[in-house]
Structure formats: C-alpha cells, structure tokens
Amino acid sequence: MKLESIGVKIREKREQKSWSQEALACAADLSTVYIGMIERGEKVPRLQTFLRIVHCLGTTPNDLLAGLFPEKKNEETFKYKHEIEKLSVKDKNKMYKIMEAFFEEY
C-alpha cells in the first residue's frame, strides 16, 4: 500500500461532500496544512485522527481502506479484526495503542 492512497481516498470523500480542505479541517479540529499533507501522502494520520476524519466525512474506516490492500491482506485484516473484537475493552485499548504507535512510524 502506498501512503498517499489513504490521502487520495480522504480527498475523494471530501470532494464528494463538496468540502474544501478548510471545511474538513474545521470539522475534524485539525489544521488545513495537516489535511493537505494527509491528502498528498506526506503524513499518515494517527488512528484517533483517522477515525475523527472518517466520522466527519460520514463514512466508515472500511470504506476508506477498501481496495488499498492486496486481497490476501484483506483476509488477514479480517482475521485480526475478528480476533480483536473478541478482546476485553481493556485489551482492545492496548491493541489500539500498539497499532497507533506502529502507524506513527509512517
């Protein structure tokens, strides 16, 4: 997956709503510069930020991530998603923090 792919999907959803980068930034409580960097693939948002953007755009994480991973990865992602859903709230929060730390590297 190329980093700019997530940003392209975010831009497409934003444009479908006829929103400017400024409108999305305001709705998500982010800077316009940061939204631009995400859309150009210069930055990958942290998990909490990604979820805030998803909410503001009125879409789902699955919708924005669909097609970004090779099919085998989608199967693996589904498997792990299913396993995470079985965890307690405390353990889910731990897993989210691990994932967030991983994605900060990108």
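What share of the 106 residues of the protein count as buried? In this predicted model, 25% of the residues do, where buried means under 20% relative accessible area, exposed over 50% and partly exposed in between (1.4 Å probe, protein chains only). Residues are numbered from 1 along each chain as its sequence is written, and side-chain values use heavy atoms, with hydrogens and water left out. Because the model is predicted, local features need pLDDT of at least 70 and side-chain atom pairs count only at pLDDT 80 or more, while totals for chains, interfaces and linings use all residues.

The protein has seven helices and zero strands. Helices (H or I, at least four residues) and strands (E, at least two) are DSSP runs, numbered from the N terminus. Read from the N terminus on, the order of elements is α-α-α-α-α-α-α. Of the contacts with a separation of 6 or more, 55% are between residues 24 or more positions apart.

The largest nonpolar core contains 15 residues. Such a core is a set of buried Ala, Val, Leu, Ile, Met, Phe, Trp, Tyr and Cys residues joined through side-chain atoms within 4.5 Å. Ile-10, Leu-24, Ile-35 and Ile-53 touch the most other members of this core. At least two core residues come from each of H1, helix H2 (21-28), helix H3 (32-39) and helix H4 (47-57). H4 gives the most, with five residues. Ile-53 is in contact with Ile-10, Leu-24, Ala-28, Leu-30, Ile-35 and Ile-38, leaving aside its neighbours within four places in sequence.

Charged pairs were examined next. A search of the whole structure finds eight salt bridges, each a side-chain nitrogen of Lys or Arg within 4 Å of a carboxyl oxygen of Asp or Glu. One of them joins Lys-13 to Asp-63, with the closest N and O atoms 2.7 Å apart. This pair links distant parts of the chain. Lys-13 lies in helix H1 (residues 3-16) and Asp-63 in helix H5 (residues 61-65), 50 residues apart. Asp-63 is partly exposed, at a relative accessible area of 32%.

Arg-40 forms a salt bridge with Glu-42, the closest N and O atoms lying 2.9 Å apart. Arg-40 is partly exposed at 48% relative accessibility, and Glu-42 is partly exposed at 45%. A further bridge runs between Lys-86 and Glu-83, with 3.3 Å between the closest N and O atoms. Here Lys-86 counts as exposed, at 55% relative accessibility, whereas Glu-83 is partly exposed, at 39%.

A network of salt bridges links Arg-11, Arg-14 and Glu-39. Arg-14 lies in helix H1. Is Arg-14 buried or exposed? Its relative accessibility is 7%, so Arg-14 counts as buried. The side chains of Arg-14 and Glu-39 make a polar contact of 2.6 Å. A polar contact is a pair of N or O atoms within 3.5 Å; within protein, one must be able to donate a hydrogen and the other to accept it, and residues adjacent in sequence count only if both atoms are side-chain atoms. Beyond its neighbours within four places in sequence, Arg-14 is in contact with Trp-19, Ser-20, Gln-21, Leu-24, Glu-39 and Leu-57.

Glu-100 is placed in helix H7 (residues 89-104). Glu-100 is buried, with a relative accessible area of 12%. The side chains of Glu-100 and Arg-46 are joined by a polar contact of 2.5 Å. Pro-45 is 55 residues away from Glu-100 along the chain, and their C-alpha atoms are separated by 9.3 Å.

Ser-18 is exposed, at 67% relative accessibility.

How values were computed
Contact = heavy atoms within 4.5 Å.
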